[in-house]
Amino acid sequence: MAIEIVTVPDLGGAESVDVIELSVAVGDSVEQEDSLLVLESDKATMDVPSPVSGVLVKFLVADGDTVKVGDPIAEVETIDSATGDAVTIETESAATEAPVENIEPAAVSAPAEAAAQPAPSAETSEQLILVPDIGSDDAVAVIEISVAVGDSVEEGDTLLVLESDKATMDVPSSHSGTVVKIISAEGDMLRTGDQVAVLQVSASYDSVAEGTVAQTSDAQSREADASETPIIEPLTAKPAPAAKPAPVSSNQQHDVSSDVYAGPAVRMLARELGVDLKKVSGTGPKGRVQKDDVNSYVKAALAAEPKASNGAGIPAVPAVDFSQFGPVDTVAMSKIQKLTAANMQRNWLNVPHVTHFDDADITELEAFRKSLKEEGEKRGVRVTPVAFLIKALATSLQAIPEFNRSLASDGEHYIQKHYCNIGMAVDTPRGLVVPVIKNADEKGIWEISADIMRLANSARDGKLTPAEMQGGCFTLSSLGAIGGNGFTPIVNSPEVGILGVSKSQIKPVWNGAEFAPRLMLPLCLSYDHRVINGGDAGRFMTHLVKLLSDIRYLAL
Ligand code: CAO
């Protein structure tokens, strides 16, 4: 008898690791490099492969144990490499005591051939696979059926996966063969000994491997539905090593698309992360999927996500390495800038925008505004065109209440507001913020001007309270002090309109008799075309222009 003691290999610097999975059962035949168990450190998992082909005699560790380099972890009885004969191990199993002379000559002399290409006339029998000892009397749920009827499976391949409150476990096939019936379904609650599946197995293989146990052979009459045929209870003893067919090629092992070679810990991780294990390439022995494979898959998926979609199936702008063209810095965006970016994109994608343009003649307004300068200094208030714009907007919202609405979330109603708060975009070093001038319809120019100064200063000092930025009905974005002929502002949804204001300029305006120099203020009204139609927008803009061009109307 030749027993190989398997020890913990070099752990790559880790002092100790945990045993997180026993990948085979005592008595199982293993090929050289087959994973015996899985170890896990803080950083990685690793399979411990069998150094030899043979039969697992015993584990010297248990799931959950902590081990270090050189610790003995398993005993594997080797196969005589010169003859291919198994070195019989001492167990209580009748099957494992089967004398070598009971073995079919072909299986002994050319096991690989026998396994890979069974004789066409070989008889087959059915093998019922039961739930192994799950260490508890409680029923556990079937969370995954890992094979389909017609699939070829190798002994040890996972047929289905069970999950209790505490752990998941693979139910391995105790035989090699073809799945002819799956008895359990996903969601079933199973106990030790419950029926799982029926395999069609080679009778010659079984007569050798299982020795003393009778099998029903009916290869000629076998139909896919095994329910019509007697089912043979599985053997408890494991096949003698020599009787195990030589392993099929790795392609054959993985020619079944539904066959995922992964342990319970990996399956649990995949489920937690919502990963379909069939899409993960295994880098472990024989393509076994390991935790690192699942993690790499998730990382790759996350990295690829922006390329695939930008929220509405829109292709994202490709990333560019600008440093190839010249020196660059990567600067972190402020919280406000990130929020603004997200809001702008959301509003741009959600709102069908239309922008309506007009000019208001503010020659008289400016003359009046300038006349307020002295009194403003006494009051400590500076009056700019923005105060008149806010007052004119509030008045226009009352005249054309369609602009004081929001679309209800059901998309089938709108909310008509009976209050009038005007948001004012303020340019600050940290980014764009929009404080709200409350009840602007009830305030005069002095009060509105005081609000503008207070809120603009708070905004620039980063001292706005959330309440000062809430409740807006409509937004004003004034770039008049900066410049420009016009722009198309983005609606600050769920508001339905925003007024962009550009720099006023003296322009020649035809008065019916001649061109007269007038101070013209460019106005740009963007609106949500789901709520506002072009007629509403035209009426709103005309009303606004009238108020600004003749501020006496503001007093009415
Ligand atoms: N045309 C010409 N001059 C204008 C003007 C216009 N449309 N609007 C304002 N001005 C003048 C003012 O009269 C003032 O000049 P005086 O002192 O000689 O009277 C000067 O520009 C400076 O104004 P201000 O910016 O200090 O104050 P304001 O009331 O005009 O604007 C505020 C306040 C908060 C709206 C402004 O400072 C601001 O931040 N604007 C940027 C808004 C923005 O970023 N919008 C884009 C948002 S993204 O869509």
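The legends below describe close-up views of a predicted model.

View 1. The shell around the ligand holds 20 residues, of which R382, T384, R460, S477 and S504 come nearest. By residue class, this shell divides into nine nonpolar, six polar and five charged residues. Three elements, α10 (385-399), β21 (426-428) and β24 (474-478), each supply at least two residues of the shell.

**View 2. Packing of helix α10 against helix α11.** Helix α11 spans residues 445-461, and its axis lies 9 Å from that of α10, the two helices packing at an angle of about 115 degrees. Because angles of 65 to 115 degrees count as roughly perpendicular, α10 is described as roughly perpendicular to α11. The crossing in which α10 passes α11 is right-handed.

**View 3. Packing of helix α10 against helix α12.** Helix α12 comprises residues 534-549, and its axis comes within 9 Å of the α10 axis, with a crossing angle of roughly 135 degrees. The helices α10 and α12 are therefore oblique to each other, and their crossing is right-handed.

**View 4. The cis peptide bond between S493 and P494.** The peptide bond that joins S493 and P494 is cis, with omega at about 15 degrees. P494 is located in the loop that runs between β24 and β25, the latter strand covering residues 497-501. In general, most peptide bonds are trans.

**View 5. The backbone at E33, where phi is positive.** E33, a residue other than glycine, has a phi near 80 degrees. This residue, E33, is found in the loop between β3, which covers residues 29-30, and β4, which covers residues 35-40. Most residues other than glycine have a negative phi.

Definitions and conventions
Residues are numbered from 1 along each chain as its sequence is written. This is a predicted model: local features need pLDDT of at least 70, side-chain atom pairs count only at pLDDT 80 or more; totals for chains, interfaces and linings use all residues. Side-chain values use heavy atoms; hydrogens and water are left out. A residue is near a molecule or strand if one of its heavy atoms lies within 4 Å of it. Helices (H or I, at least four residues) and strands (E, at least two) are DSSP runs, numbered from the N terminus. Ala, Val, Leu, Ile, Met, Phe, Trp, Tyr, Cys and Pro count as nonpolar, Asp, Glu, Lys and Arg as charged, and the others, Gly among them, as polar. Axes are lines fitted to C-alpha atoms, for helices over the stretch in contact, and angles run from 0 to 180 degrees between N-to-C directions. Angles under 35 degrees count as roughly parallel, over 145 as roughly antiparallel, 65 to 115 as roughly perpendicular and the rest as oblique. A crossing is left-handed if the near helix is turned anticlockwise from the far one by less than a right angle, and right-handed if clockwise.
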